[in-house]
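Open the structure in your viewer and keep the sequence panel beside it. This tour says what to select at each stop and what is there.

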Amino acid sequence: MKYASVCCDWMTFRHEYAEQQEPRNSGKILKLTSDGEIEWEAQQWEQVKCASSDTSIRIKDDGYALRGMANIGRFQQPDNKQGLTVIQCVERWEEVLRGLGYNVKGFGTRFNRKVTGGAGDTLTGDSKLLQAGTFLTRIDLAGNFEVSDYSSLASSMMVRRIGQKLPMAGKFGPTWGYDSKRSNWWKAKLYDKTAELEGKRRSQGGATLARFEVQLGIEWLKREGMDRPIKWKGKNMAQIIYGKFADPVFREGLSVEDWKSIPDRIRAHAVLWRDGVDLRTHLTNGAYYRSRSKLLEYGIDIGTPCNVMALTRNCRIVEVSPVSALRKAA
């Protein structure tokens, strides 16, 4: 499936100063509402949790580093149905921070700083160079889809695996990775965006605007080198990364009559899978993964239980059309 433009629905960052600054408000976490009202939150950063629909932003400055967390594209906007690109979010953060009087020199870039042993450092002896600047620690990518039947779509997704993860039935739709202890890697979820915007507790099903969202944690970003803002300047980079997670979910399945296009050798494995056989007990590991890789090209995942309804000739057709999640520039 070709995806429309995706937006950055949440951004968390750490900006390390080149030189120590005077801490703002004793290093407490600052909550700023969309109306400009300032409130105090807590001393411990980890205690702050909020949804991407939150209209406020949170900032912490201890003099060594400036930290921020928010759906900055949602800030001072009526809703988060559409948002900004990752790079636009970095630029928006810089604009907001500058307006609040923070030192944003070098914000959005990475550079070397010379440090010596002392307060805030673990170094001893001679001075050395350390990297400073802006580090992205969480990025949420979101795409919108117009669907004809959300209930049927959510049901069909319950057998779609992302990597090695099968979904769990969440309150609003299937979720991947939220039960994992490796919470700083990645998570994904599908939900009814229209129902959320209308403040409904659950989706009513039927035709609606659905959203598939991917949360990229600090460990995933560091491993892929995407914790550097400049890496997101590549053409369609957000769509490419988003597609790695969305492709296994939105891949089209085959009806039974289309199986004739599958080569005979692996079609036999597909038939066994359809009949409820666990192919891991019949094939060597190498043969199993080769067969699974080939069958995925035909929309069949032998690593998940067979969804019989997806194979029937008269199953309900759910229309899914990607629509842009980016807000038009003012």
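In which helix is the place of Lys-193? Select Lys-193 and look at the element around it: the residue is in helix H3, which covers residues 193–197. Note that the model is predicted.

**Stop 1: Lys-193**

Is Lys-193 buried or exposed? Its relative accessibility is 0%, so Lys-193 counts as buried. Now show its contacts, leaving aside neighbours within four places in sequence. You will find Asn-80 and Lys-81, and also Leu-209, Ala-210 and Arg-211.

**Stop 2: Lys-189**

Move to Lys-189, which is in strand E10, residues 186–192. This lysine has 26% relative accessibility and therefore counts as partly exposed, because buried means under 20% and exposed over 50%. Select Glu-213 as well: it is 24 residues from Lys-189 along the chain, yet their C-alpha atoms are separated by 5.5 Å. Glu-213 is also one of the residues in contact with Lys-189, when neighbours within four places in sequence are left aside.

**Stop 3: helix H5**

Select residues 237–250, which form helix H5. How far apart are the end C-alpha atoms of H5? They are 19 Å apart; at 1.5 Å a residue the 14 residues should span 20 Å, so the two values agree. Next, find Lys-244, where H5 bends by about 45°. Colour the buried residues of H5, among them Ala-238, Ile-241, Tyr-242, Phe-245, Val-249 and Phe-250. Gly-243, which is in H5 too, is also buried.

**Stop 4: helices H6 and H7**

Two packed helices are described by the angle between their axes and the distance between the axes. Select residues 264–274 for H6 and residues 285–296 for H7. Their axes come within 10 Å and cross at roughly 95°, which means that H6 is roughly perpendicular to H7. Which residues make the contact? On H6 they are Ile-266, His-269 and Ala-270, and on H7 they are Ser-291, Lys-294 and Leu-295. By class, this contact has 3 nonpolar, 2 polar and 1 charged residues.

**Last stop: the whole chain**

Zoom out to the protein chain, which has 7 helices and 12 strands. Of its 330 residues, 44% are buried. Among contacts between residues at least 6 apart in sequence, 67% join residues at least 24 apart.

Definitions and conventions
Residues are numbered from 1 along each chain as its sequence is written. This is a predicted model: local features need pLDDT of at least 70, side-chain atom pairs count only at pLDDT 80 or more; totals for chains, interfaces and linings use all residues. Side-chain values use heavy atoms; hydrogens and water are left out. Axes are lines fitted to C-alpha atoms, for helices over the stretch in contact, and angles run from 0 to 180 degrees between N-to-C directions. Helices (H or I, at least four residues) and strands (E, at least two) are DSSP runs, numbered from the N terminus. Angles under 35 degrees count as roughly parallel, over 145 as roughly antiparallel, 65 to 115 as roughly perpendicular and the rest as oblique. Contact means heavy atoms within 4.5 Å. Ala, Val, Leu, Ile, Met, Phe, Trp, Tyr, Cys and Pro count as nonpolar, Asp, Glu, Lys and Arg as charged, and the others, Gly among them, as polar. The expected span of a helix is 1.5 Å times one less than its number of residues. The bend at a residue is the angle between axes fitted to the seven residues ending there and the seven starting there. Buried means under 20% relative accessible area, exposed over 50%, partly exposed in between (1.4 Å probe, protein chains only).
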